[in-house]
Amino acid sequence: MIVGHIFDTKSHKDENPRGVEFLEKICQNSKIKVYAIGGINFENLDIIMQAKANGACMMRCILDRI
C-alpha cells in the first residue's frame, strides 16, 4: 500500500500533507506492507522508518539530483 503525501511536496503544493501520525496509524492497522510517499528525502527518511513503514518512495529527492 502506498500512503501519502506525508510531508510538503512540490507536486501537491496546494494540499496539506497528511503527516507522520497518519502514516503511523496506517502502519499499525495494516496487514499488508506500507510504503510512504510525498516529500520524503534523506533528511527525514528516519522519521518514516520510525513510523514502521516498510519503505519509502523518494522520487523528487532523487530526480533533483540527476
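Let's start with Lys52, which counts as exposed at 66% relative accessibility (buried means under 20% relative accessible area, exposed over 50%, and partly exposed in between, using a 1.4 Å probe and protein chains only). Lys52 lies in the loop between α2 and β3 (55-57). Helices (H or I, at least four residues) and strands (E, at least two) are DSSP runs, numbered from the N terminus. Lys52 also has a positive phi of about 75°, although it is not a glycine.

Before going on, note that this is a predicted model, where local features need pLDDT of at least 70, side-chain atom pairs count only at pLDDT 80 or more, and totals for chains, interfaces and linings use all residues. Residues are numbered from 1 along each chain as its sequence is written, and side-chain values use heavy atoms, with hydrogens and water left out.

Now for His5, which sits in the loop between β1 (2-4) and α1 (20-29). A cis peptide bond, with omega at about -10°, joins Gly4 to His5. Is His5 buried or exposed? His5 counts as buried, because its relative accessibility is 7%. Leaving aside neighbours within four places in sequence, the residues in contact with His5 (heavy atoms within 4.5 Å) include His12, Pro17, Ile37 and Gly38. Glu15 is on that list too, and the His5 side chain reaches the backbone oxygen of Glu15 at 3.5 Å.

Next up is helix α1. Its buried residues are Val20, Leu23 and Cys27. Seen down the axis of α1, they fall within an arc of 60° (taken from the directions from the helix axis to the C-beta atoms), so they line one face of the helix. Here's the general idea: an α-helix has 3.6 residues a turn, so residues three or four places apart point the same way. What covers the buried residues of α1 includes β1, β2 (35-37) and α2 (45-50). On the face turned away from that buried side you'll find the exposed residues Glu21, Lys25, Gln28 and Asn29.

Finally, the cysteines. How many disulfides does the structure hold? It holds zero, a disulfide being a pair of cysteine sulfur atoms within 2.5 Å.

| Residue | Relative accessibility | Class |
|---|---|---|
| Cys27 | 15% | buried |
| Cys57 | 23% | partly exposed |

Conventions. Polar contact = N/O pair within 3.5 Å; in protein donor to acceptor, adjacent residues only side chain to side chain.
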